[in-house]
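Let's take a walk through a protein model together. Keep the sequence and the 3D view open, and look up each spot as we get to it.

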Amino acid sequence: MINITETVLRDAHQSLIATRMKTEDMVPILEAMDQVGYHSLEVWGGATFDACLRFLNEDPWERLRTIRQHVKNTKLQMLLRGQNLLGYKHYSDDVVVEFVRKSIKNGIDIIRVFDALNDLRNIEAVLKATKEADGHAQVAIAYTTSPIHTIEYYLQLVKEIEAMGADSICIKDMAGILKPYDAFRLVKEIKAMSKLPLQLHTHYTSGVASMTYIKAIEAGVDVVDCAISPMSLGTSQPPTEPLVATLEDTPYATGLSLEKLNRVAEHFRPLKERYFEEGLMDPKVLGVDANTLVYQVPGGMLSNLISQLKAQNKLDKFDEVLAEVPRVRGELGYPPLVTPLSQMVGTQAVFNIILGERYKMVPKEIKAYVKGEYGRPAAPIDEAIKSKIIGEEAVMEDRPADYIPPQLILLKSEMKEFLEQEEDVLSYALFPQVAGEYFKFRRAKKYSIDSGLVDMAQKTYPV
Ligand code: CO
């Protein structure tokens with residue numbers, strides 16, 4: 001039997017409409033979704049936290065509690081970027097532990113945690129805190145291809161993940177580059193070695209994803225991530241219903257009812273129309289991006305390169321930059337081309353070509369990366385390039401978060417005037433500016449409602 005995680009409330013809208021789905025658009029369908037029998041609903045984490053505060057004027061914690069209130073039977077799942085949590089830098093261990101605790105307390109069952117470099121030291125703290133709070137810790141492996149990302153590399157990672165005490169493993173293919181027969185071999189080997197449940201996450205970007213799922217299922221994968229049809233395909237996940245129908249009457253049957261799924265789809269179909277009308281959804285994200293397969297770089301990275309070159313009036317250098325990308329990536333130890341590494345490698349490749357001298361100019365993020373501040377890459381960084389970038393400066397050998405002192409008490413005192421719930425300090429820790437703006441908005445709204453009530457009361461009972 002194959003289980004399905006439904007991503008429409010997190011990754012699907014993050015991938016298709018820049019994470020702009022509002023809680024009010026989710027609530028009416030939550031109870032029906034809870035009746036479907038999914039393995040889990042991915043509802044939180046990733047970019048949803050930032051988007052709630054920054055664009056939707058919503059409290060992400062309130063969203064989580066609301067979802068939990070309506071979803072009583074199905075496990076709720078979130079995505080965490082290791083020591084970066086949901087932000088863009090490493091946080092101290094006390095912030096990490098508190099964040100995990102509060103996520104579980106507010107309703108999360110399964111925490112999927114990954115590190116962009118697959119440096120497992122960056123997920124230790126999350127994993128430990130998840131177990132301590134009785135959550136399910138799923139460790140995700142960032143999937144990429146390179147001469148060193150062999151089956152043996154992945155098996156070694158699985159061994160280490162198992163030894164850390166993970167509850168399950170996920171192969172996380174954020175770029176949609178895992179091809180069906182590669183998936184078959186990888187899943188087969190992992191399942192032969194590890195007893196842990198294995199889940200597969202991919203994106204439809206390059207058009208192979210549903211085929212990849214079938215081969216992974218035949219090889220023994222336990223759970224796959226799908227999105228209900230109106231919010232599937234393109235840069236999102238493979239659609240749920242066709243997979244359920246395909247597996248019916250086979251040993252892999254999901255047991256999910258197409259009628260119940262159709263009710264869910266009927267809720268999201270008009271929403272999708274609205275997203276088109278509002279310009280939130282660009283039809284371009286729904287196509288097949290075969291370039292991803294040809295160049296082995298994620299679709300989003302190609303469009304970034306084009307816009308960077310356009311801005312410099314150097315679009316004629318596109319082919320050279322494209323050839324420079326794998327060279328830079330190799331010299332930097334083959335980081336997976338995922339956020340933020342894809343942007344960093346891309347920018348360095350553009351600099352190298354348009355300045356006519358390699359590593360003449362180096363973005364500060366690349367410097368920090370070479371110094372070990374992101375963690376340890378899968379392969380060593382080229383020595384000559386390293387000394388060109390940071391000279392004799394020391395490289396951090398320990399776990400990066402070991403250098404970060406506790407932050408929680410300080411953060412609490414910085415924002416105490418806005419504190420309305422214990423979770424607020426965590427929002428502030430991750431996005432100080434954005435959370436600060438939101439707290440002001442929240443206060444203003446509260447006072448306006450309160451004074452509205454006072455007005456009403458005064459009209460009713462003149463004093
Ligand atoms: Co994803």
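Two residues are in contact when they have heavy atoms within 4.5 Å of each other. You'll find threonine 212 in helix 9 (residues 209–218). Helices here are DSSP runs of H or I with at least four residues, strands are runs of E with at least two, and both are numbered from the N terminus. Is threonine 212 buried or exposed? It's buried, with a relative accessible area of 0%. Buried means under 20% relative accessible area, exposed means over 50%, and partly exposed is in between (with a 1.4 Å probe and protein chains only).

Before we go on, a word about what you're looking at. This is a predicted model, so local features need a pLDDT of at least 70 and side-chain atom pairs count only at pLDDT 80 or more, while totals for chains, interfaces and linings use all residues. Residues are numbered from 1 along each chain as its sequence is written, and side-chain values use heavy atoms, with hydrogens and water left out.

Now for the metal. Which residues hold the cobalt ion? The cobalt ion is coordinated by Asp11 (OD), His201 (NE2) and His203 (NE2), at 2.1 Å. Donors are N, O and S atoms within 2.8 Å of the metal (3.2 Å for Na, K and Ca), and since water is not among the atoms, sites may look incomplete. Along the sequence, the donor residues follow the spacing D-x189-H-x1-H. Here distant parts of the chain are linked: aspartate 11 sits in helix 1 (residues 8–17) and histidine 201 in strand 7 (residues 198–202), 190 residues apart. Aspartate 11 is buried at 3% relative accessible area, and histidine 201 is buried too, at 0%.

Compare that with another pair. Lysine 446 and leucine 256 are also 190 residues apart in sequence, but their C-alpha atoms are 43 Å apart in space. Lysine 446 is in helix 20 (residues 432–460) and is partly exposed, at 43% relative accessibility.

Let's zoom out to the domains. The assignment, which is automatic or from a database, gives domain 1 (3–283), domain 2 (297–397) and domain 3 (408–460). The centres of domain 1 and domain 2, taken over C-alpha atoms, are 28 Å apart. Where these two meet, 17 residues of domain 1 are in contact with 19 residues of domain 2. Together they bury about 1400 Å², 66% of it on carbon and sulfur atoms. Buried area is the accessible area (1.4 Å probe) that two parts lose on being put together, summed over both.

How many salt bridges are there between domain 1 and domain 2? The count is zero. A salt bridge needs a side-chain nitrogen of Lys or Arg within 4 Å of a carboxyl oxygen of Asp or Glu. Across the whole structure, though, a search finds 31 salt bridges.

Here are a few to look up. Aspartate 93 and arginine 399 meet in a salt bridge at 2.5 Å, N to O. Aspartate 93 lies in helix 5 (residues 93–105) and arginine 399 in the loop between helix 17 (383–390) and helix 18 (408–414), so this pair ties together parts that are 306 residues apart in sequence. Aspartate 93 is partly exposed at 28%, whereas arginine 399 is buried at 9%.

Arginine 101 pairs with glutamate 98 in another salt bridge, with the closest N and O atoms 3.5 Å apart. Both lie in helix 5, three residues apart, which is about one turn of the helix. Arginine 101 is partly exposed at 46%, and glutamate 98 is buried at 14%. These two also belong to a network of salt bridges linking Glu98, Arg101, Lys102 and Glu422.

One last stop is the backbone. Threonine 19 has a positive phi of about 65 degrees although it is not a glycine. Threonine 19 is in the loop between helix 1 and helix 2 (23–34) and is buried at 5%. Aspartate 134 also has a positive phi, near 65 degrees. Aspartate 134 lies in the loop between helix 6 (124–132) and strand 5 (136–142), and is exposed at 71%.
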